[in-house]
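Here are some questions about how terms are applied to a structure, with answers that set each value against its definition.

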2 protein chains.
Amino acid sequence: MEQGAGERIETVSLEQILAALKEEQWAQLAELRPQELLEHWDELSEEDRARLVAELPPELAAELLANLAEEEQSDILEVLAPPNARAVLEELDPDDLADALQALEEADPEHAEAVKSLLGPEVLAVAEALASYEEEAAGGLMTPEFVSLRANMTVDHALEFLRRASPDAETIYYLYVVDRENRLRGVLSLRELIVAAPSTQIGDIMDPDVVRVTTGTDQEEVARIIADYDLSVLPVVDEEDRLVGIVTVDDVLDVVELEATEDIHRLGAAPVDIDYARARPWLLFRKRVPWLVLLVVSMTLTFNVISHFEDILAEVVVLAAFIPLLIGTGGNVGAQVATLVVRALATRDLELRDYLRVLAKEIGTGLMLGVAFGVFVMGYVLVFRLEAGIALALGITMLLIALTANLVGASLPFLFRRLGIDPALTSSPGITTIMDVVGLLIYFHVVIWVLRLGPGVG
Amino acid sequence: MEQGAGERIETVSLEQILAALKEEQWAQLAELRPQELLEHWDELSEEDRARLVAELPPELAAELLANLAEEEQSDILEVLAPPNARAVLEELDPDDLADALQALEEADPEHAEAVKSLLGPEVLAVAEALASYEEEAAGGLMTPEFVSLRANMTVDHALEFLRRASPDAETIYYLYVVDRENRLRGVLSLRELIVAAPSTQIGDIMDPDVVRVTTGTDQEEVARIIADYDLSVLPVVDEEDRLVGIVTVDDVLDVVELEATEDIHRLGAAPVDIDYARARPWLLFRKRVPWLVLLVVSMTLTFNVISHFEDILAEVVVLAAFIPLLIGTGGNVGAQVATLVVRALATRDLELRDYLRVLAKEIGTGLMLGVAFGVFVMGYVLVFRLEAGIALALGITMLLIALTANLVGASLPFLFRRLGIDPALTSSPGITTIMDVVGLLIYFHVVIWVLRLGPGVG
């Protein structure tokens, strides 16, 4: 999967950037693509980063800024003189401007005020309106820059309007038709406008059946609608069905990647709100330790279970030697199936209503896995010339553990979804921990039953 | 994260679809959006699905077909009469047509021949050219439908050309400029064409600096370039730099989701080439068992380690009771950090060159985690009124296991990337298994050293 691709994109080296910075060759640096600078961004000193944003043309500096994490945006804006900061901020798209201003306000309210006083009142008003929406919903994702037409315009009139307004590249390809109250009435692509006869009325060629979301729609749902309906742009309306913004597919690309990262982190019992590459040990420790503490404390139950049955281990010490093999396999089987179910629920390949079907399927698969590993373990025990009774007890234990692990791993994600919790919180370490405890209980009960050992019998 | 969103998209219920199917209300069904039918697709009988594709207008049927998995495409095409199949296939985009034909050829070569003989030779040639590219690369992802212009055309001339050619919606927004040999020379957006003066020459307003990939570029790399450069469309060239197709951002959306699914499955030691929602138990068993066998066999090493030190357990049985707690925590710590590192490598937040930095960071974090859990376990042991020596041994073991797990979990993904293997193959179950074995070795050695137990001492 990892090829030396992108071979036709010539990129600049870190050494070239550093040399240009040293000699203050701003004109030369301004010719680079923002992505080329961003590729080496982490390797530049904080001072050099701020210098680049201050000295490069504002459009390029804005593109750099828009691609940085929020903490870093505020770090840079804090050291820029207010007029410099303003020049860069004015080049940002309204949604990026809203995010950057919010970051700066949190980091340094005074500096933020100084910068804001230099921005135009209209720009500020738009940014503030955007900032009021929930960040992880359509309102936080959309841009308020879109083209809206009226149904009684002609094609010619509309094209003339576009030429004059000269809107941004991203936002011109779908044109929305609204009524007097700004309510969304139809949609039309720029392509349809171009190929239509000049005197046609917009109302006659628009499509009145427009898929839309409201400002409060969760971003994951926005991404799903755009993917399912193969849309390039999705209009966002307020509670009164008035058009307030659009979400473009490239914004959603970032959402899909971020949501996947969240799911992956949850599945590994890792913190979701962390920028791993930049986090320092103390932050990592604080973020990671809550999950681990929960797991360690749960895991102390294994000590209680084993202590409870200590007499049995004292009698047949070799039984202790199989503990990690048995409970570890339970954890692995459970983590594997939980991974499959969690992902299928996330991509909507599975819904809550599929639970019984999945359960039936996993009873089947679990029995097959249980029999296979049960037979394997029995063979293994016999090779080591232990008693047939021990072999039988281990075989039965393995079968029951594999089956149980499979059912727990397949059921927990459904239970979480049912309770409105993210199924990914099931997590591989979570399943492992549960199966350690459950596996030990199964093991000791089977051993007592098959070998007729234990407190009451021994 | 799970809101009752998309509330403005009115959708049809399964009951309504079934009723319309029963009464053969094709006109009524034809008014549905393809997504509405696809939402209930899995709940329809195989027969009903084939009837829908056969009876609905070919454009709608083609949209349905394009959204199905390849096995299902061939299932449906196999039962359609060749003229019916041809009508639907002709409505597909060339890249989808190529995939569908390939699926049908694998399932039923004779039927495929009958259908192909009805398709136009030009359509077939395009599909066959596309089928020759590697599926998981730019060539397999692109569509050959794009608009190319010449640098010496005027804006007016270009607009007239577009009006006559009336290309597809998705492909008109970026116009590529090629020379006589079809080599890519520049790009221009439809927006730029619209707002330019009619007599301007294309060569004067095009951007000659075009980011491009070749047909062999891996799809993951294609997705990364589109995301990093915020592109809507990415042109694909052959080895001679001749323009052969374009990849649009909505195609990439699916790739990002698929690649995330692959990574998630690998991290859970689950098979990647599986459609979980549709797989039956026997298939699931066969796909899942190879990984599990590898893990079970590796895990038998734990038996060997414990057997080797059996005398120690016979002497101090309570030591056995701590085994799952110690090695399980190692697995959880390792799985957690591996998850963070694997994802950061996948999103290119980390590169190979960052390894030493990560190692230093994880020595720090690992020591903190180790001290925290070591102190916790010592306290726990003392609460149970065991000897101070045992408490000390367990505390030291926990510290060493947490530190080791952290370093193994952070290093393995880098090692895999270095060897050209997907870092996600590290997997939580893989780390758990390694840490079970390593954890036991650490435990027994610390116990022998602190308690002065064991073969040579006892």
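Q: What makes the largest nonpolar core a core, and which residues have the most contacts inside it?
A: In this predicted model, the largest nonpolar core has 117 residues. The name applies because a nonpolar core is a set of buried residues of nonpolar kinds, Leu among them, joined through side-chain atoms within 4.5 Å. Those with the most contacts inside this core are A:Leu29, A:Leu89, B:Leu29 and B:Leu89. A second, separate core has 102 residues, including A:Phe303, A:Val316, A:Leu412 and B:Leu326.

Q: Which residues does B:Leu29 touch, leaving out those up to four places away in sequence?
A: B:Leu29 touches B:Ile17, B:Ala20, B:Leu21, B:Leu37, B:Leu52, B:Leu56 and B:Leu60.

Q: Why is B:Ala66 called partly exposed?
A: Its relative accessibility is 29%. Buried means under 20% and exposed over 50%, so a value in between counts as partly exposed. B:Ala66 is found in helix α5 of chain B, residues 58–66.

Q: Which residues of helix α5 in chain A are buried, and what do they pack against?
A: A:Leu60, A:Ala61, A:Ala62, A:Leu64 and A:Leu65 are buried. The buried residues of this helix pack against α2, α3, α4, α6 and α7 of chain A.

Q: How do you know that chains A and B are related by a two-fold axis?
A: A rotation of 180 degrees, with 0.0 Å of shift along its axis, superposes chain A on chain B with an RMSD of 0.1 Å. That is the relation of a two-fold axis.

Q: Why can the copies be said to meet through the same surface?
A: Because 100% of the interface residues of chain A are also interface residues in chain B.

Key:
Residues numbered from 1 in each chain as written. Chains lettered and ligands numbered in written order. Predicted model: local features only at pLDDT ≥ 70, side-chain atom pairs only at ≥ 80, totals over all residues. Heavy atoms only, no water. Helix = DSSP H or I, 4+ residues; strand = E, 2+ residues; numbered from the N terminus. Buried < 20%, exposed > 50% of the residue type's maximum accessible area, 1.4 Å probe, protein only. Contact = heavy atoms within 4.5 Å. Least-squares fit on C-alpha atoms with pLDDT ≥ 70 in both.
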